[in-house]
Every structure is written in structure tokens, then in C-alpha cells.
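Please consult the sequence and the model alongside the text.

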Amino acid sequence: MTRTVPPAIPILDSDIQDFADMSAALTGFQSSVLKPALDPVGLAREYYVFAVQQVGESAMATLVNAYRAIKTQPAQQIADTLLETSGASPSSQAQLAQSIVAMWYLGSWYVPGVLGGGGFAPPPLQVISSAAYTNGLAWRVMQSHPMGYSQFTFGYWSQAPGPLSSFGVNTGNGGGGQ
Amino acid sequence: MRRLIFLLAATLLVPARPQTPPPIVLSPIIPGDVNVTATTVSIDTFQPDFDVYSWNTFIALNWPPAANGNGDPNQTIGQNGDNDTVWEHYRDVSDIFLPGGARPTWNAPMPIPNACKVLNKGNLEVVTQIGKNLLTPAVVSAMSQPFNTGPIIDQNGVYTRFQILVNKTMFDYILANSLYSKAGQKAFTPPVNFTSGSIDNNGKTLVEGAIMVKSAWKVIAAADKARFHSQDVLVYSPASKNPKYPAKCMMKTVGLVGLHVGHKTQSAPQWLWSTFEHVDNVPTDADVKSGKLNAQYNYYNPGCKTCKVNQIPPRPWNPTKVSAFHSQIVRMNQFNLPIYAASAAARNSDAQKLLLGVNPKSVWANYELISTMWPTDPKQPFGAPAPTFLANTTLETYIQGTVPNVSSNCIECHNNATMTVPVPSDFTYVLQRAQ
């Protein structure tokens with residue numbers, strides 16, 4: 001997929017916040033982890049802009065608006081609705097939601113709706129950035145770190161990993177907007 | 001720290017708005033910690049407070065010292081143009097980790113290498129007279145940068161030299177826990193936990209925490225003394241086998257070109273990292289591309305159109321000789337948010353005006369803050385530092401950039417530090433020097 005022209009209008013902070021809150025529900029992480037108040041990396045903005053460049057402003061706005069309509073619901077319910085987990089074949093909107101989940105977990109962009117053999121994802125279009133790679137949520141769920149880049153203190157391997165909650169995983173029923 | 005947590009909780013979703021940080025002050029008191037005055041929580045609003053902290057630290061560290069080594073409240077920084085400084089009376093790490101693991105003392109005279117003793121004869125009498133190392137000319141020897149990434153050679157072909165010193169708070173912790181020797185480190189019960197600086201609710205220093213100061217110096221001519229903080233030192237090159245050259249010592253006047261300060265504080269268990277440079281060091285990458293260049297720089301030749309930038313000097317490295325290779329260094333853009341450069345520029349302007357107000361010939365107005373790195377999430381081992389990358393072109397010349405684990409990031413790098421035994425050393429590599 002070729003990149004579309006970046007959005008001409010300024011991106012509102014409220015859009016980024018809603019995108020982060022929606023992503024929290026989709027990924028099972030706390031929104032404050034995906035978009036902290038003190039955010040030196042800015043992944044939520046980077047991912048939002050990147051996704052809009054890939055699928056266009058309209059598709060992204062439709063998905064975020066769908067989230068806004070149900071954002072007061074429990075996180076699991078929001079995820080089930082947006083990902084259409086009860087349906088046999090997800091719509092293009094749900095496929096975009098899947099790509100956003102993959103983006104957060106793997107730091108890479110997978111074209112919506114394109115799946116590989118056996119249900120596995122094909123090679124990604126691209127790793128979005130070095131920050132995306134090192135901050136992929138997959139590492140947190142593994143209670144681990146990417147190859148060649150550890151954020152732990154020397155000797156961490158001799159100790160049991162901390163609980164998932166210490167990695168920002170939402171272990172309760174919440175998720176969106178926390 | 002409590003204030004930071006309170007602000008985070010109270011204003012989590014309040015949008016950021018421009019805010020003026022407190023003024024930089026002429027004071028000999030080293031800030032015990034950052035005083036976060038921003039009332040909205042964002043990098044944009046917090047960074048200026050950290051940069052004010054850095055300039056206040058720079059001013060206090062470079063304040064004229066009293067006999068006890070602390071800043072003399074009866075003097076002012078730069079009142080005579082240049083001055084002796086507080087941090088230059090800290091202990092050089094080479095005088096802490098002594099042969100055989102001997103116990104160091106804070107006021108012991110600096111050991112003078114044999115090759116330097118003839119040159120230092122007159123000054124040793126001065127040391128004897130005052131009984132402490134205050135007037136001992138410093139011996140600067142290190143000529144390669146961290147991780148041996150290579151030396152930096154000025155436009156006269158002379159190698160730049162480096163020093164690392166620690167304050168008494170840090171020295172006392174090393175001494176009290178016998179961390180100055182390998183045997184002491186082996187017997188030590190972890191964790192290493194240096195003293196943290198702190199402030200009260202009004203921003204007044206309660207405790208000065210452990211401080212490390214790394215400095216970079218270039219040899220200067222007498223005519224250049226008006227532009228640099230300078231001192232006469234013994235420039236010592238230990239004997240080398242490869243390339244082969246004997247030990248050499250020269251008395252030279254050197255000018256300060258880089259100053260990197262790490263301070264462990266209550267709000268920053270990953271330490272606060274402030275990095276300063278001389279304003280004449282290098283152009284930025286943007287300056288080069290736009291052609292907006294000064295007539296000369298310490299580490300860049302505007303007239304050389306074919307010189308490759310940011311190249312490690314070719315081996316062999318022989319600091320006893322004048323090199324035909326001159327470093328052509330450019331400051332690369334390392335920031336992902338505009339606030340870092342904007343805040344540093346605003347604070348530099350304020351501080352330089354303040355210093356020129358003391359004396360229009362103050363050498364201290366010729367220094368600039370590059371940025372301050374601080375942990376945005378101190379609970380995490382790395383602390384999610386802001387900015388993500390920060391390099392001083394005199395100290396981390398060849399690791400500028402934005403590649404994780406490769407480009408310069410103070411906290412990320414120092415998080416890997418251990419003692420001579422495999423135990424984390426609380427963000428300092430100096431303990432690895434124990435013998």
C-alpha cells in the first residue's frame with residue numbers, strides 16, 4: 001500500500017486522546033501507558049498519524065467515532081464490538097482495528113484485511129520506527145524486552161519478573177480512558 | 001517527588017499551555033533537586049523547569065569557592081571575567097580508585113605523575129603552604145571518549161582532554177562503604193544507593209546529592225583566555241605501547257569546552273543530567289545546510305567543503321603529537337520534540353544576560369545548555385527519559401543520533417553501569433575503576 005498524503009488539517013489533541021483510549025480498550029493496556037501525561041516518546045500521535053497516512057482520514061474518523069459512541073462501556077465490550085469478534089468475517093472497519101492492535105503490539109504496520117496462510121500475519125509492510133519496535137506491547141506481555149534493547153536493571157534475569165500490572169497491562173475489567 | 005505525583009494526579013488531562021518558569025538566579029547554592037513549578041503536566045511545561053535547574057546548577061558549580069570548597073557568598077560568578085570554581089575542587093576519580101585499593105582522602109594532594117614532577121616543582125610548594133589541593137594544577141590525561149569511541153581533535157590538531165570528578169557527598173558514600181577498592185566492593189551488600197539531593201516546598205536546597213562532573217578541555221592560546229573558562233594544567237599522556245610513545249607532560253593553558261553534570265535527586269533516582277558546551281564548539285546540522293556559519297569554530301572548519309563530518313580520527317592516536325587530522329564536528333538534531341531546543345535556547349538567553357550583567361567580560365556567558373535529561377516515570381528502571389536522546393559534541397561526539405542503545409542517552413547508558421563485581425552501581429561507571 002502506498003502512503004496517502006498526510007492530513008492537511010491540524011491534528012487535535014482530543015483526537016489523539018480518543019485514539020489512545022480506543023487503543024487501550026483494543027489492546028488491554030491502560031490508556032495512561034499508551035499515552036502518558038508526560039510522554040517523551042509520543043507513540044500515540046506517531047501511530048495515529050501513521051495509520052491515517054495508510055488508510056485515510058475518513059476511515060480512521062469512522063472507527064474513532066464508532067469508539068466514541070460506546071466509550072462508556074467496559075473495555076472488553078468495546079474491543080468485542082470494534083473487532084467484531086462475534087462475526088464470521090470482519091468488516092473493513094474491524095480490519096483496521098485489527099491492524100491498530102498489531103501496530104501497538106508489534107510496532108509494525110500490517111495492511112488491514114491481509115492475512116497470511118494459516119491465519120498468520122504476512123510480513124509487515126514496515127517497522128514503523130525504532131521507538132515503535134522497542135516499545136511494542138508484545139514485550140510487556142512477555143514481561144521481557146526486545147532483542148538488543150533492555151529497559152531493565154542489570155541482573156534482572158536472576159529475579160522473577162514483576163506482575164503484568166507493573167508492565168501496564170490492564171488486569172481488571174477497565175481499559176479505556178484510564 | 002510528592003509534588004510531581006500530586007500534579008500528575010490532579011491535572012492528568014488538562015491540556016498544556018505555555019508557561020513561564022521561575023527565573024535563573026545568581027546563587028552559590030547548588031539546587032538539591034528540580035523545582036517543578038508548572039501547573040499543567042506535559043513535557044512542554046516541565047522541560048523549562050528542568051532547564052532552569054540545570055542553569056542554576058551550572059552557576060553554583062562555577063561559583064568562586066571559599067576556603068571550605070563551597071561557593072563563596074561574598075563573591076559572584078564571573079565578577080572578574082573568569083574565576084576558580086567549586087567543582088574543580090571535587091575529587092578526580094583517578095585519585096579515588098588508587099593502586100592496591102588504598103583508602104583515598106578528600107584533601108590529599110593530587111598525585112603527580114613522574115613525567116610531570118619537574119614541571120610541577122614550583123606549584124608543589126604552593127600546595128604545601130595551604131595544605132590542600134586547591135591550588136594544585138589539575139592533571140588532565142584522558143584523551144578518548146566513553147567506550148573508547150575515539151578522541152576529538154581541535155582545529156589546531158591538538159587532542160581534547162577529559163576529566164571526571166565527584167563531589168564530597170558522592171566521595172563520602174564511596175569511602176563509607178569501602179567502594180574505592182575491589183575488595184571493598186566484593187564485601188559490600190547491595191544495592192548501591194548514593195545520597196539523593198532534595199529541596200523543601202519552597203525550592204530551597206535541603207540536601208546536595210551525589211554529583212558527577214565530566215569536563216572537556218582544549219588547549220588554548222593566551223589570547224583566547226577572554227573567551228573561555230581556563231586554567232593552567234599539566235597535560236599528561238601516559239606511555240603507550242601501541243602506538244609506541246613515552247610518557248609526556250606539558251604545562252598548558254586549557255579552555256573548558258564541555259561540561260556534563262549528573263546529580264542524583266529525590267525526584268530522579270535515575271539522576272538528572274545537564275550538559276553544557278562552549279558556544280563556539282560546532283555548528284548545527286541545520287546551520288551547515290543553510291550556510292549560516294560563523295567564521296570559526298573549535299571543532300569545525302567552515303572553509304573545508306570536502307571534510308567529512310563526525311568522523312572518528314584515523315588511528316594511530318598519538319596525543320603527544322600535533323595531528324594532521326582536524327575533527328569536523330556538527331551537532332545533529334537529536335530531539336523528537338521542539339520544546340527541548342526551544343527551552344534550552346530561551347534559558348540560555350536568560351542566563352547569558354544575567355551573567356553579562358555581572359561583568360560584560362564574563363567568560364561564563366560563552367556557555368550554553370544543550371538540554372537536561374530527566375526521568376518522566378521514575379518508578380520504571382529507565383524512567384522513560386526526556387529527551388530520549390542527548391549528546392554533548394565534545395563528550396559523545398560519535399554517538400549522536402536517535403538509534404536506541406547506540407545513540408547517546410545518559411540514563412539508558414548509565415543504567416548499564418556496574419561495579420567490578422556484577423552488581424548495579426547506581427548509574428555511575430566510576431566504581432569500575434576500583435583496584
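## Report on the predicted model

Strand S7 (residues 230-237) of chain B pairs with strand S10 (residues 248-265) of chain B in the antiparallel sense, over 8 bridges. Strands pair if DSSP finds at least two bridges between them; strands (E, at least two residues) and helices (H or I, at least four residues) are DSSP runs, numbered from the N terminus. Within this pair, Ser237(B) stands opposite Lys248(B) of S10(B). Of the 8 residues of S7(B), 6 are buried, a residue being buried if 20 or more other C-beta atoms lie within 10 Å of its own, exposed if 12 or fewer, and partly exposed in between, with C-beta atoms placed from the backbone.

The model is predicted: local features need pLDDT of at least 70 and side-chain atom pairs count only at pLDDT 80 or more, while totals for chains, interfaces and linings use all residues. Residues are numbered from 1 along each chain as its sequence is written, and chains are lettered from A and ligands numbered from 1 in the order in which they are written.

The largest nonpolar core has 85 residues. Such a core is a set of buried Ala, Val, Leu, Ile, Met, Phe, Trp, Tyr and Cys residues joined through C-beta atoms within 7 Å. Its largest share, 10 residues, is supplied by helix H2 (residues 43-61) of chain B. Leu61(B), Val166(B), Met170(B) and Val213(B) have the most contacts inside this core. A second, separate core of 34 residues includes Tyr67(A) and Ile100(A).

Chain A has 8 helices and 2 strands, in the sequence order α-α-α-α-α-α-β-β-α-α. Of its 178 residues, 33% count as buried. Chain A averages a pLDDT (the predictor's confidence in each residue, from 0 to 100) of 87, and 85% of the residues score at least 70. Two stretches of this chain are tabulated below.

| Stretch of chain A | pLDDT | Contacts beyond near neighbours in sequence |
|---|---|---|
| Residues 1-6 | below 50 | 9 contacts |
| Residues 173-178 | under 50 | 23 contacts |

Between the chains, 17 residues of chain A are in contact with 25 residues of chain B. On the chain A side there are 8 nonpolar, 7 polar and 2 charged residues. Here Ala, Val, Leu, Ile, Met, Phe, Trp, Tyr, Cys and Pro count as nonpolar, Asp, Glu, Lys and Arg as charged, and the others, Gly among them, as polar.

Key. Contact = placed C-beta atoms within 7 Å.
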